[in-house]
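Work through the exercises below with the sequence and the coordinates open. Each task is followed by a stepwise solution.

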Amino acid sequence: MTQAAVTGTGKYERLLERCRGLQPIPTAVVHPCEPSAIMSALEAQKLGLIKPIFVGPFKKIDAVAAEAGIDIGIPHIEDVPHSHAAAEKAVELVREGKAEILMKGSLHTDELMSAIVARDKGLRTNRRISHVFIMDVPTYHKVLIVTDAAINIAPSLEDKIDICQNAIDLAISLGLERPKVAVLAAVETVTSKMPATIDAAALCKMAERGQITGALIDGPLAFDNAISELAARTKSIRSPVAGNADILLVPNIEAGNMLAKQLQYFAGADSAGIVLGARVPVILTSRADNVRMRIGSAAVAKLLVHSRRAEAARKA
């Protein structure tokens, strides 16, 4: 799959097209006790993206669906009494091999993540857990990945290594052969007065030495130079990444969160939200997300699972 397959007009539709013909993935939908959570899971099932396993209080799920006029059919439901138990049970289903994706329902993010990162019974790996927004920005020429805008508050340099590698691996699973990573800061020059610029320079050197693999990385780059070739040329920045970034690595959660939401609300971007670094991808949605955004997240998670399956088969 070439980069062209996820660029240009209809990026969302191209994403769904990539999923066609691939087996739907068993997915634990954690505490789906509001209409949007139920509808999103059922729509993803209808599109062949997932096989939902509803994990939560059966009576409450059934009542919410009935009140909203949603026909849930005869889904697989793991009946547990409350949201905390739902998070623990969903993680257990993954550990037992019965689910390969987690989808957040109507519980708090912290509650779900607490079960995921639990030391003995969670889904930790040797990677730091991080979040990505996969964004379809109408004014940008290809899919844009923003990380980390939801999990890591003030990541250290070591944290950024994993955040960067998680995003690169995801981009490759979406068909990008060598994604371009722009490490963002407020300026393009390295200065001790701005620690983000020093981290950016270190990440670039780490990529040269093979500590980060699979991508072209450049930074520090200001946002305009990362996404605009004209802005980069104006500042005499010569870089294969400048003006053509696939991944924007932000310095901290405030910068990332504001950037992602500005793209959504000012630029009309659609976005998919995925947590990486755990044993399985986690579809992390907010109540403000529409069904289209949730479906996009399910599509990305499905492609990631199939990519991991293929990689495991190659190594076997």
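**Exercise 1: Pro26**

Pro26 has a relative accessible area of 22% and is therefore partly exposed, the class between buried (under 20% relative accessible area) and exposed (over 50%), with a 1.4 Å probe and protein chains only. The model is predicted: local features need pLDDT of at least 70, side-chain atom pairs count only at pLDDT 80 or more, and totals for chains, interfaces and linings use all residues. Residues are numbered from 1 along each chain as its sequence is written, and side-chain values use heavy atoms, with hydrogens and water left out.

Step 1. For Ile101, 75 residues from Pro26 along the chain, the C-alpha separation is 6.7 Å.

**Exercise 2: Asn166**

Task: decide whether Asn166 is buried or exposed, and find the contacts of Asn166.

Step 1. Asn166 sits in helix H6, residues 157-173; helices are DSSP runs of H or I, at least four residues.

Step 2. The relative accessible area of Asn166 is 4%, so Asn166 is buried.

Step 3. Beyond four places in sequence, Asn166 touches Arg127, Arg128, Ser130, Leu276 and Gly277.

**Exercise 3: cysteines**

Task: how many disulfides does the whole structure hold?

Step 1. The search finds zero disulfides, a disulfide being a pair of cysteine sulfur atoms within 2.5 Å.

Step 2. For Cys164, the nearest cysteine sulfur belongs to Cys204, 8.9 Å away.

Methods:
Helix = DSSP H or I, 4+ residues; strand = E, 2+ residues; numbered from the N terminus. Contact = heavy atoms within 4.5 Å.
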